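Try each task before reading its solution.

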Amino acid sequence: MITQSTGQIDAATPAVSIRGVVKAFGTGDARTVALKGTDFTASQGELHLVVGPSGCGKTTLLSVAAGTLDWDEGEVSVFGTVLNGMPRSRVTAFRRQHVGFIFQQFNLISTLDLVENVSVPLLLNGVRRGEAEQRAAELLQRLGLAGKERKRPTQLSGGQQQRVAIARALVHSPRLLIADEPTSALDRETGHQIMDILANAARTPGRSVIIVTHDPRTYSYADRLTEMEDGRVAGVYQGQTLRDFISNHH
Amino acid sequence: MFHLALRMLLGDRAKYIMLVGGLTFSSLLMTQQNGVFQGLLSWTTSHMRNMRASIWVVDSRVEQVNETKALRDTDVNRVRSVDGVDFAMPLFQGVIKARATDGSEKLIQLIGIHSGTLFGRPAKVIEGDIEQLRIASTVVIDELAAERLGKVRDKNEAPRPLRVGDTFEINDREARVVGICRTERHFFGYPYAFTSYDQALQFAPRQRKMLSMILAEPKPGLTAAEVARAIRAETGLAAYTVPEFERSTIAWVWRNTGIPASFMTTIILGFIVGVAIAGQTFYSFVLENLRNLGALKAMGASNGLLSAMLLFQALTVGLVGYGMGLGLTAAFGFAVADNGQPPFLLQPESILRSLVAILIISSLAALLGIRKVARLEPAIVFRG
């Protein structure tokens, strides 16, 4: 059920608010609880990193925040819209309009050229093909891919592919940008370039960028960092505590 | 999004070619075999198109046009006396031995038509004069008979088919060719020789009853069906209109021969091959694109949209495969048209049936992928 529309949002409204969320996979002996009453908040205008060891529930938290995974207990709201009880079709429509995704393996469609790949979110939102492709091409040019618009993803380097993925995530101006290990497949320099782009994206008013990462090189870009351990939030770091966390992890 | 679906399909060249190839083969098998089967069935009723009468009166036990159970001579007058019958003429039909010019014996389909009206005459006489059938010992033969009974060797000339004026023997009696006609091939493959009814009785071995059938026409203003009903009611004989006799003949073939079962088996195999190849290849195409489909789903593509895209892709390869299969079938048809062997008849209904079958195959192939995608959790894209 939608309790609040996502039209005009108060700047104080959290971008993502997760309260007491429990999510388990499997049944019986095979049952694994990935989130054990997790609380999480991401604010507007911030780049929020979620870190922690493998299997601690980071990706599950990200999936719940993005509305791509149902949860068992707790409450989830995104920009004031409570996702609990919302019909699946409405959640899908919500994602289509308000969420942009960047995947670890880029997930670009290899048989489509860059413009076609980037135009997908616009087409899904009902933008006409000509306009969608024009906007996609412009964004690709802004991200340093001018002249490569009609190339296939496989003709690009890993960093270039990730930039295309970022263009695809941003092209429809979503409020929430979700990135899963965006630098893990990239070298150090390219990783920094990608993080610069994402940090700039987070500065857009009314937007929030949440990144799940293992990569300590990215910690310095965070406005806030949530550390997870065994399905729970182990700590939230910001300002001085964040700087201490970074120095401890370097 | 559908143009992207098409690009995704065409982008995977190997799968696309395999899908189109499988559906082309399936379409070819179903359409071509159906064409040959329909051609064969059309041969079973060619008598009716070669003799052209509105009402066919036969013994009540006769179920198909190629079957003969002799009637009494008086039956012609009984039929003529039925209200609504404009005229009724006797017809002899029998398979009789003929001796070719090289001395070999061949079987021919001898048709004896009423000498006064020549009712039941072949549709197209391409050489000679059918009116001369009224002269004793004359025949009009079809092109196949001219070919089979011919091979006349003139001085310094290559062997040739029979021509007007040539003679051959039917049942040890001389027959002179006064015309060559064009007929539709008979189911049993015998060539036609038309003669007068009285002459046919001379050519054929003598039997107690010689009348094979009666051909009749309704009076103006009455339908063949009405008059056929009246003949059945008043004479106790079987009387068929052309569509009725065609249906009865084809039903007899279905009941009494293994031909339909044999062709149906091949056609069903074509369908199964199509389902197997298209289903397997398309499912593998979907599996290979599962992460992409998952990403589209995460980005907000609904199950309905993704299903429509998969169906669009499957129907596209289905229609391309169908078109190619139909083209190859048509090429086969043109290749055999001159020779007339094997029989081939591509009817609009057959074309439509094959199209429906291919669309079903494509939809089934898409269905497997649609089920997979419908169950796909969009969060799959976050797993490594």
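Predicted model: local features only at pLDDT ≥ 70, side-chain atom pairs only at ≥ 80, totals over all residues.

**Exercise 1.** Within how many Å do the axes of H2(B) and H9(B) come, and at roughly what angle do they cross?

Residues are numbered from 1 along each chain as its sequence is written, with chains lettered from A and ligands numbered from 1 in the order in which they are written.

*Solution.* Step one: helices are DSSP runs (H or I, at least four residues; strands are E, at least two), numbered from the N terminus. Step two: take the axes as lines fitted to C-alpha atoms over the stretch in contact, with angles from 0 to 180 degrees between N-to-C directions. The two axes come within 9 Å and cross at roughly 170°. Step three: angles over 145 degrees count as roughly antiparallel, so H2(B) and H9(B) are roughly antiparallel to each other.

**Exercise 2.** Which residues of H12(B) are buried, and what covers them?

*Solution.* Start with the helix itself. Next, look for buried positions (20 or more other C-beta atoms within 10 Å; exposed is 12 or fewer, partly exposed in between; C-beta atoms are placed from the backbone). Among them are B:Ser354, B:Ile361, B:Ala365, B:Gly369 and B:Val373. The cover includes H2, H9, H10 and H11 of chain B.

**Exercise 3.** A:Glu181 and B:Arg52 each have a positive phi. Where do they lie, and is each one buried or partly exposed?

*Solution.* A:Glu181, not a glycine, has a phi of about 45° and sits in the loop between strand E7 (176-180) and helix H6 (188-202) of chain A. With 22 other C-beta atoms within 10 Å, A:Glu181 is buried. B:Arg52, also not a glycine, has a phi of about 50° and belongs to the loop between helix H3 (46-51) and strand E1 (55-58) of chain B. B:Arg52 has 14 C-beta neighbours inside 10 Å, so it counts as partly exposed.

**Exercise 4.** How many residues does each chain give to the contact between A and B?

*Solution.* Count residues in contact (C-beta atoms, placed from the backbone, within 7 Å): chain B gives 22 and chain A gives 24. On the chain B side, H1 (2-11) and H10 (290-298) are the elements that give two or more residues.

Terms used
Contact = placed C-beta atoms within 7 Å. Parallel < 35°, antiparallel > 145°, perpendicular 65-115°, else oblique.
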